[in-house]
Amino acid sequence: MMHLAAYIQGVGAAQAAWRSPRTDAANALGLDHWIETARVAETACFDAFFLADVLAIGDQIATDATERPDPVAVLSAITGFTERIGLVGTSSTTFNDPFTVARQFATLDHLSRGRAGWNVVTTAVGASAANYGSAALPDHADRYERAEEFVEVVTALWDGWDADAIVGDASSGRYADLERIHAVAHSGKHFQVAGPLPLRRSPQGRPVIAQAGSSGPGMNLSAAWAEMTFTTQWDMDSSREFVARTRELSAEHGRAPGSLRVLPGIMPFVGSTEQEAQALAREFGGFVDVAGLSAFLTHHLGNLDLDDVDPDAPLPDLRPRLAENASVSRPRLYIETALKEGLTLRQLAQRIALTLGHRPVIGTPEAIADDLERWFTAGAADGFIVLPADLPQGLKDFGEQVVPILQERGLFRREYTGSTLREHLSE
């Protein structure tokens with residue numbers, strides 16, 4: 001079966017989606033907005049509701065609604081209003097500690113009865129460092145070295161309680177068997193953690209681990225630990241190669257085939273006709289503030305200084321200028337795409353702004369279903385992270401118009417058969 005996760009960001013992933021009459025920016029942080037959006041995704045039987053995070057705001061806040069509430073708080077709040085959909089939250093390994101993250105997501109797994117997932121990321125936004133008392137980000141390699149140890153500690157903490165550690169014998173007064181609760185006693189380069197967690201093993205044993213990163217170290221981290229990976233892919237052949245390489249790395253880590261799902265991001269624009277879909281995409285493109293694109297693109301290209309780049313000339317090869325401590329894979333993809341297609345800086349910025357850098361899929365419900373089926377059957381994806389341009393309407397359009405076609409073709413579930421996120425991903 002194809003797997004689908006809904007990427008949720010404010011009132012939509014398209015830059016300046018708040019300007020659309022289809023959105024309600026004033027209610028973007030209200031609980032009812034999150035509940036409605038989660039229920040839309042659950043009605044469509046999505047595997048997961050995926051909440052991203054950024055630990056700083058940039059100058060783009062002047063023209064774009066990029067406020068970021070805490071993912072764990074939001075997901076915890078909506079557990080009681082959903083029943084089956086997985087709840088995946090992002091938490092950085094760069095500016096957190098393993099004990100806190102392990103406890104937060106174990107708690108979320110208990111609250112949701114086994115639907116929690118942790119999206120592992122390393123922070124690549126330079127402004128975040130100043131919010132956590134650092135002058136600059138660690139180098140890219142150092143961030144991933146820390147991330148590897150971080151995940152190792154978190155999983156050890158999750159495993160610290162045996163499944164049968166709670167005895168609960170009221171007659172004898174014995175609540176827990178101490179021999180079934182284990183210290184972690186981790187002593188490493190980055191962390192010293194005694195353990196165990198102050199709560200029993202969670203319903204899934206371990207919450208699901210997701211990962212968003214397509215550089216070499218990111219792929220290795222995903223292959224070693226993740227059960228779903230979120231990637232940016234614009235070309236089907238390149239995506240197929242990425243999937244194959246990820247599976248090879250997973251096998252090298254001794255993992256079973258099928259234990260990792262690769263989900264490229266897409267932004268759908270659904271219309272009753274091709275012309276209507278194209279008009280909707282143009283409408284959202286028109287919300288993009290051209291004057292604010294410089295700050296936006298600087299952020300997405302790893303904080304490159306672009307002052308000497310003519311915005312209306314073909315983009316020069318900026319790859320040698322990419323900073324080692326910035327995000328690597330996505331800026332490289334953007335630059336290589338611009339070089340291949342002869343895009344100017346302005347054209348590249350507008351494309352990234354509209355879709356957060358992910359692949360736009362524009363057309364009728366049937367045409368979009370055809371596109372996703374091609375990628376899926378070609379082995380270029382195990383499914384997709386769906387980034388609605390606007391929320392909740394963009395997600396409703398996809399869930400009510402595209403998903404039924406995928407279901408009719410036997411590509412996607414008609415109803416949930418499992419109750420945990422791991423069970424959804426195992427289909």
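**Exercise 1. The second largest pocket**

Which residues lie nearest the centre of the second largest pocket, and how many residues line the pocket?

Solution. The model is predicted, so local features need pLDDT of at least 70 and side-chain atom pairs count only at pLDDT 80 or more, while totals for chains, interfaces and linings use all residues. Residues are numbered from 1 along each chain as its sequence is written, and side-chain values use heavy atoms, with hydrogens and water left out.

Step 1: On a 1 Å grid over the protein atoms alone, a pocket is an open set of points with protein on both sides within 12 Å along at least five of seven lines, whereas a cavity is a set where a 1.4 Å probe fits but cannot get out; a lining residue has an atom within 4 Å of a point.

Step 2: read the lining. It has 13 residues, and Ala281, Gly285, Gln350, Arg351 and Leu354 lie nearest the centre.

Step 3: state the volume. It is about 270 Å³, where points are joined across faces, edges and corners and the volume is the space filled by probe spheres set on them.

Step 4: assign the lining to elements. Helices (H or I, at least four residues) and strands (E, at least two) are DSSP runs numbered from the N terminus. At least two lining residues come from each of α8 (274-287), α11 (345-355) and β12 (359-363). The largest share, 5 residues, belongs to α11.

Step 5: sort by class. The lining has 6 nonpolar, 5 polar and 2 charged residues, with Ala, Val, Leu, Ile, Met, Phe, Trp, Tyr, Cys and Pro taken as nonpolar, Asp, Glu, Lys and Arg as charged, and the others, Gly among them, as polar.

**Exercise 2. Exposure and separation**

Solution. Step 1: set the cut-offs. Buried is under 20% relative accessible area, exposed is over 50%, and partly exposed is in between (1.4 Å probe, protein chains only).

Step 1: take glutamine 278, in helix α8.

Step 2: take threonine 232, in the loop between β10 (228-231) and α7 (236-252).

**Exercise 3. Backbone geometry**

Locate two cis peptide bonds and two positive phi values in residues other than glycine.

Solution. Step 1: cis bonds. One joins glycine 195 and proline 196, with omega about 0°; proline 196 is in the loop between β8 (192-193) and β9 (208-212). Another runs from leucine 391 to proline 392, with omega near 0°, and proline 392 is in the loop between β13 (383-386) and α13 (393-408).

Step 1: positive phi. Cysteine 45 has phi near 65° and sits in the loop between α1 (31-43) and β2 (48-51). Its relative accessible area is 6%, so cysteine 45 is buried. Alanine 185 has phi near 50° and lies in the loop between β6 (174-176) and β7 (186-187). Its relative accessible area is 61%, so alanine 185 is exposed.
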